[in-house]
Amino acid sequence: ISSVVAAVTGQILMGDRFLFDKLNYKLNDPKELLFYLLIGVVAAVVRQLWMKTTLFLRKTCRHVLKSHRLSLIMISFLIVGGMSQIDPSVLGGGHSSLEMQLFSKILDWKVLGLLFFFKFFATAICYSAGPSGGLFMPTLLIGATLGSFVGTVCHGLFPGIMTGAIGAYALVGMGAYFATVIRAPFTSILIVFELTRDYNIILPVMIANVVAYILS
């Protein structure tokens, strides 16, 4: 009931608009679905690495610093602060970086790789140390960066097959990683559809989500 009330109220106040209506997703070659399947495989692997990294850091910090919780939090602040001097987008939830990727404005695989690396470890460090503000937005950003990275690499290797926008890969990566971390594949599919209202993107999202969820 509250979801329906929120949706109706939103439409009354802001109109029947959706957030990402300019992705222009088109599947020109069915072989491109293999790239989306690859996103699901990579998302499952990255999820395992993130979980193991987080648990290892938590166990190590508790063993070394014992009950010095404030020291642990301050160390995590210093590490993340150092990362932000190289790439400021590692701070916060990453709304601007997420939108830039979904609108295909970050196309350099080196920039994407650096952002992924920093956000991966910053989230793991903060979550294991205690000052984490949540996992929802960081999970979406890591997934989108992962999808964008796979998309840019595939576009460079197979330009004749990979003709879709990089933003579509970011969107699929976002959904797949969310499904494997939060363990909610159908919720992820619905979120992507709500953001785009594009039925064509559902097939790649379903393929990536199911593969990521089963493998994880």
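## A guided tour of the helices and their nonpolar core

Begin by selecting Tyr36, Leu98 and Ile201, which touch the most other members of the largest nonpolar core, a set of 41 residues. A nonpolar core is a set of buried Ala, Val, Leu, Ile, Met, Phe, Trp, Tyr and Cys residues joined through side-chain atoms within 4.5 Å. Buried means under 20% relative accessible area, exposed over 50%, and partly exposed in between, with a 1.4 Å probe and protein chains only. This is a predicted model, in which local features need pLDDT of at least 70 and side-chain atom pairs count only at pLDDT 80 or more, while totals for chains, interfaces and linings use all residues. Residues are numbered from 1 along each chain as its sequence is written, and side-chain values use heavy atoms, with hydrogens and water left out.

Stop 1: Helices (H or I, at least four residues) are DSSP runs, as are strands (E, at least two), and both are numbered from the N terminus. A second, separate core of seven residues can then be selected; Val80, Val90, Ile125 and Cys126 are among them.

**Stop 2: helix H4.** Select residues 95-102, which form H4, and find the buried residues Ser97, Leu98, Gln101 and Leu102. An α-helix has 3.6 residues a turn, so residues three or four places apart point the same way. Turn to the face of H4 away from its buried side, where the exposed residues His95 and Ser96 are found. The cover over the buried residues of H4 includes helix H5 (109-129), helix H6 (136-157) and helix H7 (166-182). Just after H4, serine 104 has a positive phi of about 60°.

**Stop 3: individual residues.** Return to leucine 98, which is in contact (heavy atoms within 4.5 Å) with Met137, Leu140, Leu141, Ala144 and Met174, leaving aside neighbours within four places in sequence. Is glutamine 101 buried or exposed? Glutamine 101 counts as buried because its relative accessibility is 0%. Leaving aside neighbours within four places in sequence, the contacts of glutamine 101 include Ile106, Thr145 and Ala170. Now select threonine 145, placed in helix H6. Not counting residues up to four places away in sequence, threonine 145 touches Gln101, Leu112, Leu115 and Phe116.

**Stop 4: two helix pairs.** Display H2 with H9: they pack at an angle of about 30°, with their axes 7 Å apart. Axes are lines fitted to C-alpha atoms, for helices over the stretch in contact, and angles run from 0 to 180 degrees between N-to-C directions. The angle makes H2 roughly parallel to H9. Angles under 35 degrees count as roughly parallel, over 145 as roughly antiparallel, 65 to 115 as roughly perpendicular and the rest as oblique. Residues making this contact include Tyr36 and Gly40 of H2 and Ile207 and Val211 of H9. Finally, display H2 with H6, whose axes come within 10 Å and cross at roughly 135°. H2 and H6 are therefore oblique to each other. Their contact includes Phe35 and Val42 of H2 and Gly147 and Val150 of H6.
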